[in-house]
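User: I would like to go through a structure with you, one topic at a time. Please keep the answers plain.

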Amino acid sequence: MCSEYPPIKPSSFKGNYYEYGLYLHNWYRKRHGAPALKLAKWMNDSGDNYCEKLARHGGALVHSSGLGYGENLWGGPQAKAYIKHLWPESADDYMHKCAVREAVKAWYKEVEHYNYNHGGFSMHTGHFTAMVWKSSTELGIGVCVLGGTIIVAGCYKVHPNMQGQFTQNVLRYRHISDEAKETKPVDAPKPVESLPAGNVDGAGHKWIAAKNGGSMPSNMVLTGLDGKHDVYVARAKHMNGIIPGKLIVGYGTFVAYDGAEHGKASYEVLTGEKNCFSWVASQATAIPKNAIVGGKDPNGSVYHVGKGIVNDATAVGKILGGKLYVSYGGKEYCQDQGFQILVTTSDTSTVDEKCEVDEIKDDGGVSDENPVVVDSTSPEMKLAFDQVCDANGCSETERIGFLGYENAINGLKRSMENFIAVDKDRSGNLDPFEVKNAFSGDRDISYEDVMGLMGAVGQESGKMSLYGFLMADLLLITLSTSEVGIEDDNPAVLEWMNKQVDYIKSGKPLKDM
């Protein structure tokens, strides 16, 4: 299997969308040690009816009450166009199934934020925990497609997300490499905190911590090009594992997992002298003894570093089971031949203490060894910024405020550049898909998150301005360090947002707050 995602696509599944939703849920539940659910017709009917009610009232995701089951919701007024964008060949004939697939995928994606050691309910993980809740026995799937609006509901009984019951009902992920031969439980995976370099430890290379907006080492390992951008070897934490991937300076590191491409703002880059590395052709399942170890999955399987070509672009990723898994354009790609393996040409019989592999730190602290400050500001960027500001009708005070904002926090400067890169016609506004693309370089964000953000910052017309985009990024920064959810309508969040508005309009740099 070429990705950790349910392999049967909407167009290939023979049953209806209720049965497809059941298949997707049980595929994930098996990987968390939860028994298979059974479809309940009464919950299917209830889910369909409630989805239609929401669709006819504007498509806002408001949970039902008093129905005796737990509920996940996905969708919105722009969801149909989003599905057609993702599934151009299948959407028209399999719209309901495609919608169910994207809904389940978005719900399960929250697993990345769940803390098994301190289990409990969170707005950031509640959809995931409802899906894999071990005590639940029945499932209902509801879908409504009305105009451009799509609403999907997942209904669960026994009611999930009961406080005090998370430890026994939300079990750790376990990798299942061959479903047909799976006959006994697999030990729960342990979080990977540090990575031994195996048989090439200290062989002329070192992984150095870095993050977006920070300094970069001068001797990073260059592998090729993605368009006009250089591609370097990097690795990042994901799903309690460490995955090798590609670094594009200024945009971040991208790793492949679960059928998708995941952007990371904190990561490690591979460094060393150019003559210490070589790329060799893959040969069946054989891995050279001097292959570079780039990571591990949660169960301890080693990932080696490989590269391949996708749409004429160099893609770096993980080698597992004789196959290369790389990411490109938001998706994961699997290659079983024609790829290359990174090896060291240094003398592996002598260990250089300076080349020991460091632990990946969550703060993404940058090493002070050979730092190179990356300044991505250019006259072209400033011109584009002026064009976007003109399209937004920004006052001079707001324009100065934006620039002060940019200079105050180097990481958030990327937000302006990402907005401009996506806004190719300089209209000054992005639709939800463009917003998702603009965020994807630095953050993992779903379509549902985008719609929530647009509402939270007052961009409810289906378009997001530069001003709204910057405010959304500020809100995400706040949410990443607090337990306040976007949909909580918390007065503290609104007060904080208003404070940021005043500072941006005043032209004062945020560091003076």
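User: Which residue forms a salt bridge with Glu-261?
Analyst: This is a predicted model. In it, Glu-261 forms a salt bridge with Lys-246, and the closest N and O atoms are 3.5 Å apart. Glu-261 lies in strand β11 (residues 260-264) and Lys-246 in strand β9 (residues 241-248), so the pair ties together parts that are 15 residues apart in sequence.

User: Are Glu-261 and Lys-246 buried or exposed?
Analyst: Glu-261 is buried, and Lys-246 is buried as well. Salt bridges with shared partners also join Asp-226, Lys-246 and Glu-261 into one network.

User: How many salt bridges does the structure hold?
Analyst: The structure holds six salt bridges. One of them links Glu-268 with Arg-235, with 2.8 Å between the closest N and O atoms. Glu-268 sits in strand β12 (residues 266-271) and Arg-235 in strand β8 (residues 229-238), so this pair ties together parts that are 33 residues apart in sequence.

User: What is the relative accessible area of Glu-268? And what about Arg-235?
Analyst: Glu-268 has a relative accessible area of 0% and is buried. Arg-235 also counts as buried, because its relative accessibility is 0% and the cut-off for buried is under 20%.

User: Which residue pairs with Asp-45?
Analyst: Asp-45 forms a salt bridge with Lys-41, the closest N and O atoms being 2.9 Å apart. Both residues belong to helix α2 (residues 41-56), where they are four residues apart, about one turn of the helix. Asp-45 counts as partly exposed at 32% relative accessibility, whereas Lys-41 is exposed at 60%.

User: Why can such side chains pair?
Analyst: Side chains of opposite charge can pair when their charged atoms come close.

User: Changing topic to helix packing. At what angle do α1 and α4 pack?
Analyst: Helix α1 and helix α4 (residues 95-108) pack at an angle of about 25°, and their axes are 9 Å apart. The two helices are therefore roughly parallel to each other. Their crossing is right-handed.

User: Which residues of α1 and α4 meet there?
Analyst: From α1, the residues are Tyr-17, Tyr-20, Gly-21, Leu-24, His-25 and Tyr-28. They meet His-96, Lys-97, Val-100, Arg-101, Val-104, Trp-107 and Tyr-108 in α4. By class, this contact has eight nonpolar, three polar and two charged residues.

User: Where is His-32 placed?
Analyst: His-32 is in the loop between α1 (17-30) and β1 (38-39). This residue is buried, with a relative accessible area of 1%.

User: What does His-32 touch, leaving out residues up to four places away in sequence?
Analyst: With those set aside, His-32 touches Tyr-108, Val-111, Tyr-116, Phe-128, Val-132, Leu-171, Arg-172 and Tyr-173.

User: Now Gly-126. Where is Gly-126 placed, and is Gly-126 buried or exposed?
Analyst: Gly-126 is in helix α5 (residues 126-132). Its relative accessible area is 9%, and Gly-126 is buried. Not counting residues up to four places away in sequence, Gly-126 touches Asn-72, Glu-110, Phe-121 and Asn-161. Gly-126 and Asn-72 are 54 residues apart in sequence, and their C-alpha atoms are 8.4 Å apart in space.

User: Asn-161 is in that list. What is the phi of Asn-161?
Analyst: Phi of Asn-161 is near 60°, a positive value in a residue other than glycine. Asn-161 lies in the loop between β4 and α6 and counts as buried at 19% relative accessibility.

User: Which residues does a cis peptide bond join?
Analyst: A cis peptide bond joins Lys-157 and Val-158, with omega about 10°. Val-158 is placed in the loop between β4 (149-157) and α6 (166-169).

User: What is the phi of Asp-312?
Analyst: Asp-312 has a positive phi of about 65°, although Asp-312 is not a glycine. Asp-312 is in the loop between β15 (302-310) and β16 (313-320), and counts as exposed at 75% relative accessibility.

User: Lastly, the chain as a whole. How many helices and strands does the chain have?
Analyst: The chain has 13 helices and 22 strands. Of its 513 residues, 51% count as buried. Among contacts between residues at least 6 apart in sequence, 68% join residues at least 24 apart.

Definitions and conventions: Residues are numbered from 1 along each chain as its sequence is written. This is a predicted model: local features need pLDDT of at least 70, side-chain atom pairs count only at pLDDT 80 or more; totals for chains, interfaces and linings use all residues. Side-chain values use heavy atoms; hydrogens and water are left out. Buried means under 20% relative accessible area, exposed over 50%, partly exposed in between (1.4 Å probe, protein chains only). Contact means heavy atoms within 4.5 Å. A salt bridge is a side-chain nitrogen of Lys or Arg within 4 Å of a carboxyl oxygen of Asp or Glu. Axes are lines fitted to C-alpha atoms, for helices over the stretch in contact, and angles run from 0 to 180 degrees between N-to-C directions. Angles under 35 degrees count as roughly parallel, over 145 as roughly antiparallel, 65 to 115 as roughly perpendicular and the rest as oblique. A crossing is left-handed if the near helix is turned anticlockwise from the far one by less than a right angle, and right-handed if clockwise. Ala, Val, Leu, Ile, Met, Phe, Trp, Tyr, Cys and Pro count as nonpolar, Asp, Glu, Lys and Arg as charged, and the others, Gly among them, as polar.
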